[in-house]
Amino acid sequence: MAVPKRKMSRSNTRHRRAQWRASAPVLVPVTVDGSIHLVPQHLRKAYERGLLRPDG
């Protein structure tokens, strides 16, 4: 595992952390009980199989 040789300043640490951004999930249409719902792509199969229920 890489180990830093010197301590990183608080300013540099915070500037590095500020660059990270979470991206919004890709939503795909799924028909459940005759109505279309937008659900995250990685959960599409679970909604189709009835393991999860869309809110609403």
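This is a predicted model: local features need pLDDT of at least 70, side-chain atom pairs count only at pLDDT 80 or more; totals for chains, interfaces and linings use all residues.

Q: Where is P25 found?

A: P25 sits in the loop that runs between α1 (10–18) and β1 (27–32).

Q: And how far apart are P25 and Y47?

A: In sequence, 22 residues; in space, 16 Å from C-alpha to C-alpha.

Q: OK, zooming out. How many helices and strands does the protein have?

A: Two helices and two strands. Going along the sequence, the pattern reads α-β-β-α.

Q: What's the radius of gyration?

A: The protein has 21 Å, whereas a compact globule of 56 residues would be near 10 Å. The C-alpha trace spans about 60 × 25 × 15 Å along the principal axes.

Q: What share of the residues is buried?

A: Buried residues are 14% of the 56. As for the accessible surface, it comes to about 5,700 Å², and carbon and sulfur atoms hold 53% of that.

Q: What about contacts between residues 24 or more positions apart?

A: They make up 0% of the contacts with a separation of 6 or more.

Q: Let's move to the strands. In which sense do β1 and β2 pair, parallel or antiparallel?

A: Antiparallel, over six bridges, with β2 covering residues 35–40. As for bridge partners, L27 goes with P40 in β2, and V32 goes with S35 in β2.

Q: How many residues are between the strands in that hairpin?

A: Two residues. In this hairpin D33 takes a positive phi, near 55 degrees.

Q: Which residues of β1 are on the covered face, and which on the uncovered one?

A: V28, V30 and V32 are on the covered face. L27, P29 and T31 are on the uncovered face.

Q: Which residues form the largest nonpolar core?

A: Five of them: V28, V30, V32, V39 and Y47. β1 gives the largest share of this core, with three residues. As background, nonpolar side chains tend to be buried together in soluble globular proteins.

Q: What does V39 touch, leaving out residues up to four places away in sequence?

A: V26, L27, V28, V30, R44 and Y47.

Q: Switching to charges: how many salt bridges does the count come to?

A: One. The side chains of E48 and R44 meet there, at 3.4 Å from N to O.

Q: Where do E48 and R44 lie?

A: Both are in helix α2, residues 44–49. They are four residues apart, which is about one turn of the helix.

Q: And why do E48 and R44 count as partly exposed?

A: E48 counts as partly exposed because its relative accessibility is 46%. R44 is partly exposed too, with a relative accessible area of 31%. Partly exposed here is the range between under 20% for buried and over 50% for exposed.

Notes: Residues are numbered from 1 along each chain as its sequence is written. Side-chain values use heavy atoms; hydrogens and water are left out. The radius of gyration is taken over C-alpha atoms; the globule rule is 2.2 Å times the number of residues to the power 0.38. Buried means under 20% relative accessible area, exposed over 50%, partly exposed in between (1.4 Å probe, protein chains only). Contact means heavy atoms within 4.5 Å. Accessible areas come from the Shrake-Rupley method with a 1.4 Å probe; for residues, only the protein chains shown count as cover. A nonpolar core is a set of buried Ala, Val, Leu, Ile, Met, Phe, Trp, Tyr and Cys residues joined through side-chain atoms within 4.5 Å. A salt bridge is a side-chain nitrogen of Lys or Arg within 4 Å of a carboxyl oxygen of Asp or Glu. Two strands pair if DSSP finds at least two bridges between them.
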